[in-house]
Amino acid sequence: MKIATLVGSLRQNSYNLQLALTLQERYKDKLDVEILDIRSLPHFDQDKELDPPDVVQRFKAAIAEADGVIIVTPEYNWSVPGVLKNALDWCSRGERVFVGKPVLTMGATPGMLGTVRAQLHLREILSSPGIQAKVLPPGGNEVLVNMAMNKFDPEQRRLVDEATLTFLDGVVEKFIAFVQEHTVQPVRA
Ligand SMILES: Cc1cc2nc3c(=O)[nH]c(=O)nc-3n(C[C@H](O)[C@H](O)[C@H](O)COP(=O)(O)O)c2cc1C
């Protein structure tokens, strides 16, 4: 199963990148997780939405070809980082590559609230008319990694907290079943 992954942080030692690397490694027998580059995407420009730059076209093609998408993001000022929103905005116009796409969201923070505000906001964005992703319903599936400094090993650059990993295993199993239930055709605006 091909999974495109977006990481909302550009920071080298990002906890969220480490969470994405954990997904890539831990579920490698079940998921082919590709972490897409959002750093290189230019700012969204509506004048270019129907003929976007090559780097944007390649990015959108990778989303279109994936069976599902996992978004791993920090919370910035109670919302998602602008760099992630920019990537989603490109995907919402022209070829709308998220329409009907199965999506799982998660996030990590050193704070107490586990990125819950950003995740709620992200769910709203993913429900907008231009995106219309099929997001795994929240009940029991919210991966909110709080107190991240206690849950990642900086040398391995991986999530190592056993209770969180066990919870993640269950959510990933549910997401795999969710992806299998959905097939997607790209939609043009
Ligand atoms: C601009 C900015 C705003 C932030 N706002 C929040 C916030 O609203 N909630 C939160 O839990 N942490 C917030 N933080 C702290 C981040 O959770 C922390 O920097 C985290 O390590 C970022 O994720 P990363 O490790 O993947 O880069 C903020 C950090 C920055 C740089």
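**Salt bridges and a helix pair in a predicted model**

At 37% relative accessibility, Arg26 counts as partly exposed.

What does Arg26 do with its side chain? Arg26 forms a salt bridge with Asp169, and the closest N and O atoms are 2.9 Å apart. Arg26 belongs to helix α1, whereas Asp169 belongs to helix α5, residues 162-180, so this pair ties together parts that are 143 residues apart in sequence. Asp169 is itself partly exposed, at 25% relative accessibility.

Let me turn to the neighbouring position in the chain, Glu25. The side chain of Glu25 meets that of Arg158 in a salt bridge, with 3.3 Å from N to O. Here Glu25 sits in helix α1, which covers residues 15-26, and Arg158 sits in strand β9, residues 158-159, so the pair joins parts that are 133 residues apart in sequence.

How many salt bridges does the model contain in total? The count comes to six. Another one of them links Asp45 and Lys48, with an N to O distance of 3.9 Å; this pair still qualifies because the limit is 4 Å. Asp45 is partly exposed at 27% relative accessibility, and Lys48 is also partly exposed, with a relative accessible area of 41%.

Helix α3, residues 82-91, packs with helix α4, residues 116-126, at an angle of about 15°, and their axes are 11 Å apart. That angle makes α3 roughly parallel to α4, because angles under 35 degrees fall in that class. The crossing of these two helices, α3 and α4, is right-handed.

Which residues make the contact? From α3 they are Leu84, Lys85 and Leu88, and from α4 they are Leu122, Ile125 and Leu126. Sorted by class, the contact of α3 with α4 has five nonpolar residues, one charged residue and no polar ones.

To close, I would ask you to keep two views in mind as you inspect the model. In the first, helix α1 is tied through Arg26 to Asp169 in helix α5 and through Glu25 to Arg158 in strand β9. In the second, α3 and α4 pack at about 15°, with a right-handed crossing.

Note on methods: Residues are numbered from 1 along each chain as its sequence is written. This is a predicted model: local features need pLDDT of at least 70, side-chain atom pairs count only at pLDDT 80 or more; totals for chains, interfaces and linings use all residues. Side-chain values use heavy atoms; hydrogens and water are left out. Helices (H or I, at least four residues) and strands (E, at least two) are DSSP runs, numbered from the N terminus. Buried means under 20% relative accessible area, exposed over 50%, partly exposed in between (1.4 Å probe, protein chains only). Axes are lines fitted to C-alpha atoms, for helices over the stretch in contact, and angles run from 0 to 180 degrees between N-to-C directions. Angles under 35 degrees count as roughly parallel, over 145 as roughly antiparallel, 65 to 115 as roughly perpendicular and the rest as oblique. A crossing is left-handed if the near helix is turned anticlockwise from the far one by less than a right angle, and right-handed if clockwise. Contact means heavy atoms within 4.5 Å. Ala, Val, Leu, Ile, Met, Phe, Trp, Tyr, Cys and Pro count as nonpolar, Asp, Glu, Lys and Arg as charged, and the others, Gly among them, as polar.
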